[in-house]
Amino acid sequence: MKRESVKAMLVGTLGVVAAMSLAMLASHVSPILGFNAFFYGAFGGKQQIAETLASTTALLFPALGIAIAFRAGLFNIGAEGQLLIGGLLAGWLGTRIDVPPALAIAAIFIAGALGGAMWGAIAGWLKAARGANEVISTLMLNFIAASLALYLVTGPLRAPDAAGPELSLLPHAYWLPTLLSQTRATIALPIALLAALALRYVLDRTWFGYRLRAAGEAPEAARRAGISLSRVALWAMAWSGALAGMGGAALVAGELHRFNTQLSPGYGFIAIAVALVGGLEPLAICVAALAFGALESGGLALQAAAAVPKDAIHVIEGLLVFALAARRYLGAKGVTAQ
Amino acid sequence: MLDDVDLTCEAGEIHALVGENGAGKSTLAGIAAGELSADTGEVLRDGRIGLVHQHFALIDRLCVWENVVLGHEPRRLATIDRETARTFVRQLGERYGLDVDPDALVEDLPVGIRQRVELLRELARNPSILILDEPTAALSPGEVERLFSTIARLTENGVGVLVITHKLDEVFAHAGRVTVLRRGIVVERRPIAEITREQVARAMIGGDIPSIPPHERTNGAVVVRVRELVVPGTIENLSLHIAAGEILGVAGVEGNGQSALADALAGLTPFRGSIERPAAIGIIPQDRLVEAVIPGWSLVENAMLGRERAAAKGSWRIDRAAARAQCTAIVERFDVRTTSIDAPLATLSGGNQQKLVVGRALIDNPAFVIAYNPTRGIDIGATATVHSELLAARNRGAAILLISFELDELFALSDRIVVIARGALRGEFTERRFDRDAIGRLMVNA
């Protein structure tokens, strides 16, 4: 598995470099100048590095969540919705409490985790109780989450002082402390890294993690050994959603300082790629998240400096997932054929 | 796989090729039939060599005659001459005593009949030699007899038949010569009259067969009681009981409700009726690779499956040292041969994998054991280990439900045998007075 993740990352990196070169050539930009702009945008200075780290954080939480579900054999593609509901609950709670900042920040993260867990658990419950395909239900729950959030922020929860459809600003004391002053890089990053370590420990060392992996790896053997697949589905989806929801809380408390429906530009989807590139191993996912974070911030710079559309970066990310999925599928098929 | 092997099969003879799993029998058959190629050496054949695989290669959605003539269909202009094909298949069947309805759809046919279709397909090509790879693996005793009478008819017609098997009963009942293969080398070859079963078995495993502890008579209390069990679609009104220290054998042709019975007892499928059984239960599932183990995981992780909560001893954290000790205990007591307990299970032979599965089910001395084809597809040595461990568990007072498609296994281990056919019990044989013919008839519910 370790070697697998390293290999996946190497292949991925090479593929991305090749695809980016093609995208630059297609936009009549010299790849040398293009990569120069890209790397400057991603790592060129304090502000750039901070942007990269902020994107890394935003991707890391949902990617870890997705890894939990995938390891349990559940294709959770609803991280975006889970992140949104988590952010909504976190943003709402943050404007309603009056406690010391450290406590408030903890509460905001817990609210995010609860919101996401609840949203994930809906799909988990549908799977456990009714056998509903989680791909469909998580995908649909994304739309429901977006509509629900929009309804709440334009209606019942709309801030009296807000200009658009959004909640009130969090008290300044509850904003996440920054790692680099005057930037968007906040202590959410070390929190996400701790979450990755915790996840690794849970998967490798606890009976819950063992059951989760067994259910994902060999559901029939797990079921016959007395592991309840329904219970695994419910809890895996809940924890999966909880991590995505913490990502939402981190965006609310660390970047926007309030909830609005534009919270995530699709982090929950890009995170699927991050999780797969990281081979579903928590620590490798941290590295993958950094790479994708750099792609995000470098891609913006590339667009500004060289007029290579940022969408090209997203196309590349999509191709990467596509390639990985195909590789996995072909690999799995090879095993069965033996 | 094979090293300097020579083999002859003469017209009109039945030649048995025996050996343990992995000895190279199927490889040799594939080379002889021209499906595989050898690195060195050659195959000399006088006429065609037909090969009937252990796992049938029929097309389920086609009917019998379509399967038989596939590849050399009688034609009429651009279409298949159906009448000629049908007649051809019918006549072929009559000639060899393989009677099958040419228009039956293969997917509707039971295993025994499918095998006839396989045979017909090979015979349609007029082979001078026919190789049958484990032909009786899925047949009931009656069907086995029928198959061998067909084989006898083939040899009368001058066809040489090479039968690959590991069932020595069949070898000694029907074959004229026997060749024993071990690890790709021919270790014994003689006319059947000049060799004993003991010698063949010894040649197959290259040593003595591990001894099985004797049956001790026990009179335990009934601990498993099934009353009027109904599993919709598979089991109708089945009642049975098992006493502590008793092995109840369930004889039957595959697909007659055995899986539903095992699942209901294990609590894996909904049922009507009542089941009383001890909470401590050890299960040896039927399909090792799918139902029992996670092949890519280590022995330690596989040994933990189903006991992971116990390995955590009330905390969240699995006690790794204890889990390793537990795995080592299984490996040592059940003679699992491995280089390391951290090796992926898939690197072990089937027999050693199965010993781990059996060890996992028995190590805690459960009061009730379900063993479903516990030795399917494993070698003689591993089979003996599994059998003696099951008997040892019984002698310690476990109630054991043994479901097996191998009558020999049931006869060797059971204290009592019930016969299951079409989801109901059709007969019971007590006091170890087992009548093979009567059981065979009940299995097909004749």
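**Chain B, overall**

I began with the contacts of chain B between residues at least 6 apart in sequence: 69% of them join residues at least 24 apart. I note here that this is a predicted model. I then looked up the secondary structure and found 16 helices and 17 strands in chain B.

Next I checked the overall dimensions. The C-alpha atoms of chain B fill a box of roughly 75 × 50 × 45 Å along the principal axes. I compared the radius of gyration with the globule rule: a compact globule of 446 residues would have a value near 22 Å, and the 24 Å of chain B agrees with that. I also looked up burial, and 45% of the 446 residues of chain B count as buried.

**Domains of chain B**

I looked up the domain division. Domain 1 of chain B covers 14-205. Domain 2 is written in two segments, 212-280 and 364-446. Domain 3 covers 295-362.

I then turned to the pair formed by domains 2 and 3 of chain B. Their C-alpha centres lie 26 Å apart. Domain 2 of chain B puts 11 residues into the contact, and domain 3 of chain B puts in 10. Which element gives the largest share of the domain 2 side? I found helix α14 of chain B, residues 380-395, with six residues. By class, I have six nonpolar, three polar and two charged residues on that side of domain 2 of chain B.

D335(B) has a phi near 60°, positive although the residue is not glycine. I placed D335(B) in the loop between α12 (320-333) and α13 (350-362) of chain B. Is D335(B) buried or partly exposed? I recorded 17 C-beta neighbours inside 10 Å, so D335(B) counts as partly exposed; buried would need 20 or more.

R422(B) has a phi near 45°, again a positive value in a residue other than glycine. I found R422(B) in the loop between strands β16 (416-421) and β17 (424-429) of chain B. With 15 other C-beta atoms within 10 Å, R422(B) is partly exposed.

**Chain A against chain B**

I moved on to the interface. How many residues does each chain bring to the contact? I have 15 from chain A and 19 from chain B. On the chain A side, α8 (207-217) and α9 (219-224) each supply at least two residues. α8(A) gives the most, with six residues. I sorted the chain A side by class and got seven nonpolar, two polar and six charged residues.

**Helix packing at α8(A)**

I followed α8(A) into chain A, to its packing with helix α7(A), residues 188-205. The angle between α7(A) and α8(A) is about 75°, and their axes are 5 Å apart.

I listed the residues that make the contact. From α7(A) they are V202(A), L203(A), D204(A) and R205(A). From α8(A) they are F208(A), G209(A), L212(A) and R213(A). By class, I count four nonpolar, one polar and three charged residues in the contact of α7(A) with α8(A).

Technical notes. Residues are numbered from 1 along each chain as its sequence is written. Chains are lettered from A and ligands numbered from 1 in the order in which they are written. This is a predicted model: local features need pLDDT of at least 70, side-chain atom pairs count only at pLDDT 80 or more; totals for chains, interfaces and linings use all residues. Domain bounds come from an automatic or database domain assignment. Two residues are in contact if their C-beta atoms, placed from the backbone, lie within 7 Å. Helices (H or I, at least four residues) and strands (E, at least two) are DSSP runs, numbered from the N terminus. Ala, Val, Leu, Ile, Met, Phe, Trp, Tyr, Cys and Pro count as nonpolar, Asp, Glu, Lys and Arg as charged, and the others, Gly among them, as polar. The radius of gyration is taken over C-alpha atoms; the globule rule is 2.2 Å times the number of residues to the power 0.38. A residue is buried if 20 or more other C-beta atoms lie within 10 Å of its own, exposed if 12 or fewer, and partly exposed in between; C-beta atoms are placed from the backbone. Axes are lines fitted to C-alpha atoms, for helices over the stretch in contact, and angles run from 0 to 180 degrees between N-to-C directions.
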